[in-house]
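Morning, everyone. Let me walk you through one structure. Please look at the screen.

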Amino acid sequence: MASNKAARDGEKIWKTNIDKVNAELVTLTYGTIVAQLCSDFNNKYSEVNKQLDKMGYNIGMRLIEDFFAKSGLQRCINFRETAETISKIGFKMFLNITPTVTNWSADNKTFSLIFDENPLADFVELPNDGRAQDELWFSNILCGILRGALEMVQMQVEAHYISDVLRGNDTTEMRITLLRYMEDEMPPDDE
């Protein structure tokens with residue numbers, strides 16, 4: 001799928017097939033969830049990051065069905081097409097943003113998403129405890145969502161942030177690596 005076609009498809013789907021939710025409501029609700037996790041885990045940010053990733057993974061496993069139902073798309077033919085689809089259609093459908101796909105590895109198994117905007121991080125200030133800016137990945141739920149969604153289409157990936165404007169970096173960048181294509185596997189004891 002060409003990048004321009006993916007962008008047009010994402011815009012069309014956003015305008016016609018998606019129920020809209022107030023962005024500020026989503027932002028404030030997500031911020032409350034992160035704050036509660038920080039409280040529950042006594043500001044052990046590595047554990048908060050794990051919990052956000054786990055929550056996102058579970059969401060992604062279900063969100064992929066909604067993605068296919070509303071987009072009408074089929075599976076992508078390669079990982080480059082997958083990256084463009086995630087950026088131009090997936091993020092557009094669900095968050096009305098279009099991160100830039102860049103920094104491909106030589107083997108085409110790793111790329112970056114650069115976020116010019118991140119609605120989850122609007123109105124956010126990280127805790128001023130001397131650790132949050134070095135340890136908390138506030139939007140880590142997005143990494144989990146991508147992992148869960150891609151696993152449902154037989155792609156095992158690793159997703160993590162390498163920079164975030166909330167931490168004082170110039171950009172917010174997520175790195176996604178294809179670990180392997182998974183075989184269709186039958187659950188144990190299933191005939």
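**Helices on a sheet**

Start with helix α4, residues 79-95. Helix α4 lies across β1, β2, β3 and β4, and runs at about 15° to β2. Helices here (H or I, at least four residues) and strands (E, at least two) are DSSP runs, numbered from the N terminus. Contact means heavy atoms within 4.5 Å. Axes are lines fitted to C-alpha atoms, for helices over the stretch in contact, and angles run from 0 to 180 degrees between N-to-C directions.

A word on the source. This is a predicted model: local features need pLDDT of at least 70, side-chain atom pairs count only at pLDDT 80 or more, and totals for chains, interfaces and linings use all residues. Residues are numbered from 1 along each chain as its sequence is written, and side-chain values use heavy atoms, with hydrogens and water left out.

Next, helix α6, residues 141-152. Helix α6 lies across β2, β3 and β4, at about 165° to β3.

Now the sheet. In what order do the 4 strands sit? The order is β1-β2-β4-β3, in an open, antiparallel sheet. Two strands pair if DSSP finds at least two bridges between them. β1 and β3 (155-163) stand at the edges with a single partner strand each, so one side of each has no neighbour in the sheet. The twist averages 25° from one strand to the next.

β2 and β4 (residues 172-181) are joined by 6 bridges. Thr 110 stands opposite Thr 177 in β4.

Last, a loop. Asn 108 sits between β1 (100-102) and β2 (110-115). Asn 108 is not a glycine, yet has a positive phi of about 60°.
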